[in-house]
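Please read this report with the structure open beside it.

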Amino acid sequence: MTQPYLLLVEDRSKDELLIVRGLKKAGLEAEIRVARDGLQAVDMLFPETGDKPADVLPLLILLDIKLPKLDGLEVLKRIRQHPDSACIPVIMPSSSDDAQDLRNACRLGANSYLRKPVSAQPLNDALSALVGYWCEFHEQAGKAN
Amino acid sequence: MQQQGIRSLVNIPLSWDGSLRGFLGFDDIDAPGRWQRRDVDLLRMIGEMMAACMRRLEAQEALRQFNEELERRVKERTAELIVANQEMEAFTYTVSQDLRSPLLVLDGFSQALVEDHGEQLDAEARRYLDYLREGSRELGEMIDGLLLLSRSTRGEMRREQLDLSAMARNCIEDLHQSEPQRKVDVKITEDLHGYGDPRLIRSVIVNLVGNAWKYTSRAEQDPIEFGRSRDMGRDMFYVRDNGAGFEIEYAEKLFQPFQCMHRPDEFPGTGIGLAAVQRIIRRHGGKVWAEAAVGEGATFYFNLPNPEANGDSALSVIG
C-alpha cells in the first residue's frame, strides 16, 4: 500500500519552506508532495482523463490561493466536485487579505484559511482543529470498505 | 423687376456686430416713389428689430455649439480621468500585492529564526532581529494601508444599516487582545447605527478607534470615546482620545496620504489610514473632520447620510 502523503500546492519556494517547517513542528511526518501550480496539482489529483481522481489521494491538501496557470480556488472547485476527493481536508494559506478571496474559499468548501507568512502555531492550530474530523472520516471510510 | 411688376423698392440694410449681413427689401407694385419718410422710418425700425432677433438667434446657436463642444470635452476628459484613475488603482493594487509576498518571507523567516535558533543568538543579535521584524511589520502596515486606500475607491458599494457600536466594541476587543498589558478605559455609546458598506465602514472604525488607541498611550487614565453628537439637526459620530493631539492648522494635512503628525519613533503610524477614511466617508456622501489641540487629545467627527431618508435627518430631530 502506498504511504499516506500530504499535498502542498505552492509556487513560491520560500513559502514552501516555511509551511514545511510548520508541518514538521506540528509533528507531521507523512511524505509531503509539492505541486508548483494549479495545473500540476490537478494533474496529480486527477491523472486520468475525465473527472476520476487518483486511486491514492492525499490525506490533506495545503492549497495556496494565488497560483500560476490555475488558481487555488479553481483547484478547490475540482476537488469538491468528485465524491472521492470531496472530503479531503483543504487548508488554504494565502497572502491575500481580500475579503472576496476569503468568502470564495469558504463558499467553495475550504476547511481552514491561514494568512501568510505561515508560522508554526496557527498551522498547528488549524491541523488540530481538523484532526477529529480527519480521524473520524478515515475510520468511517475504512469501515465502509 | 419690371417683369415682377415692381414699381418702387426700399432696401433696408441688416447689420450687426459691425458688419453687413443682408438686406430687407420692400416693394411697391402700385406706384413709383410713393415711399414717405415715415414709411422708411418704420421699415428701418422693423429692419433693426429683425437684425436684433437674428443677432440673438445667431448668438444662441453659437452658445449651443459651444455648450455641445464643452460637454463633449468634459465627457472626453472624464473618460480619460476614469481610465487614468482605474489604471492607478490597479497599479497600486498589484504593486501592493506583489510587495507583500517577499515581505512575508522576510517576516516569516525572522520569526522562524527567533523560534528555532533564538537560544543560540546573543542579546544583540536578537535585538537586531527584533528591528528586522519591526521594520517588516511597519512596511506591511504601509502596504495594507495602500491596499485599503486603493480598495476604498474600487469595487461595488453595498448600503445597509450597520451597528457601529458593535464594530467599535469588536475593534477595541482586538486591540485589547493584541496589547493585553495596556489598560485603556473605553466608553462606547450603545446602539449607534449608520448606513454604509459594512467592509468599508469597518475600516473607518478600525482606523479611527485604532488611532485613538495608539495616541492615547501616553495618557492611560483618560478614556477613548465613541459616541454621537448633534449639530444643526445633523447627526455625527465621533471618536475622541485624550492623547497627544496635534496643532489644528495641520488638520487638513492629516487626511493626505503619507502625512504623519508625529515622529515615527514617538508614535508609529503609516499616515495612510486617515486618507482612506476620508475617501470612504466621501464615497458615502459624508464628511470627516478633526478637532484637536496639542496635549489635549483629538476628536474625529464623521457623518453617514442615509441615502433613502429625504429631508436629511428632520425626523430624527423630532424623535
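## Terms and model

A residue counts as buried when its relative accessible area is under 20%, as exposed when over 50%, and as partly exposed in between, with a 1.4 Å probe and protein chains only. By that rule Lys116(A) is buried, at a relative accessible area of 7%.

This is a predicted model, in which local features need pLDDT of at least 70, side-chain atom pairs count only at pLDDT 80 or more, and totals for chains, interfaces and linings use all residues. Residues are numbered from 1 along each chain as its sequence is written, chains are lettered from A and ligands numbered from 1 in the order in which they are written, and side-chain values use heavy atoms, with hydrogens and water left out.

## Chain B

Chain B contains six helices and nine strands. These are DSSP runs numbered from the N terminus: helices are H or I with at least four residues, strands are E with at least two. Of the 319 residues in chain B, 36% are buried.

A contact means heavy atoms within 4.5 Å. Among the contacts in chain B between residues at least 6 apart in sequence, 67% join residues at least 24 apart. The accessible surface of chain B is about 19800 Å², and 53% of this belongs to carbon and sulfur atoms. Accessible areas come from the Shrake-Rupley method with a 1.4 Å probe; for residues, only the protein chains shown count as cover.

## The interface of chains A and B

The size of an interface is often given as the accessible area lost when the parts come together. Here chain A and chain B bury about 1400 Å² between them, with 50% of it on carbon and sulfur atoms. This buried area is the accessible area (1.4 Å probe) that two parts lose on being put together, summed over both. Chain A gives 17 residues to the contact and chain B gives 17 residues.

Three salt bridges are counted between the two chains, where a salt bridge is a side-chain nitrogen of Lys or Arg within 4 Å of a carboxyl oxygen of Asp or Glu. One salt bridge joins Asp116(B) to Arg21(A), with the closest N and O atoms 2.6 Å apart. On the side of chain A that touches chain B, the largest share, six residues, comes from helix α1 (residues 13–25) of chain A. By class, that side has five nonpolar, two polar and ten charged residues. Ala, Val, Leu, Ile, Met, Phe, Trp, Tyr, Cys and Pro count as nonpolar, Asp, Glu, Lys and Arg as charged, and the others, Gly among them, as polar.

## Salt bridges within the chains

Over all chains, the structure holds 26 salt bridges. In one of them, Lys116(A) meets Glu10(A) at 2.9 Å, N to O. Lys116(A) lies in the loop between β5 (112–115) and α5 (120–144) of chain A, and Glu10(A) in the loop between β1 (5–9) and α1, so the pair ties together parts that are 106 residues apart in sequence. Glu10(A) is buried, at a relative accessible area of 0%.

In chain B, Arg64(B) and Glu61(B) form a salt bridge with the closest N and O atoms 2.9 Å apart. Both belong to helix α1 (residues 37–117) of chain B; they are separated by about one helical turn because they are three residues apart. Arg64(B) is partly exposed at 40% relative accessibility, and Glu61(B) is partly exposed at 34%.
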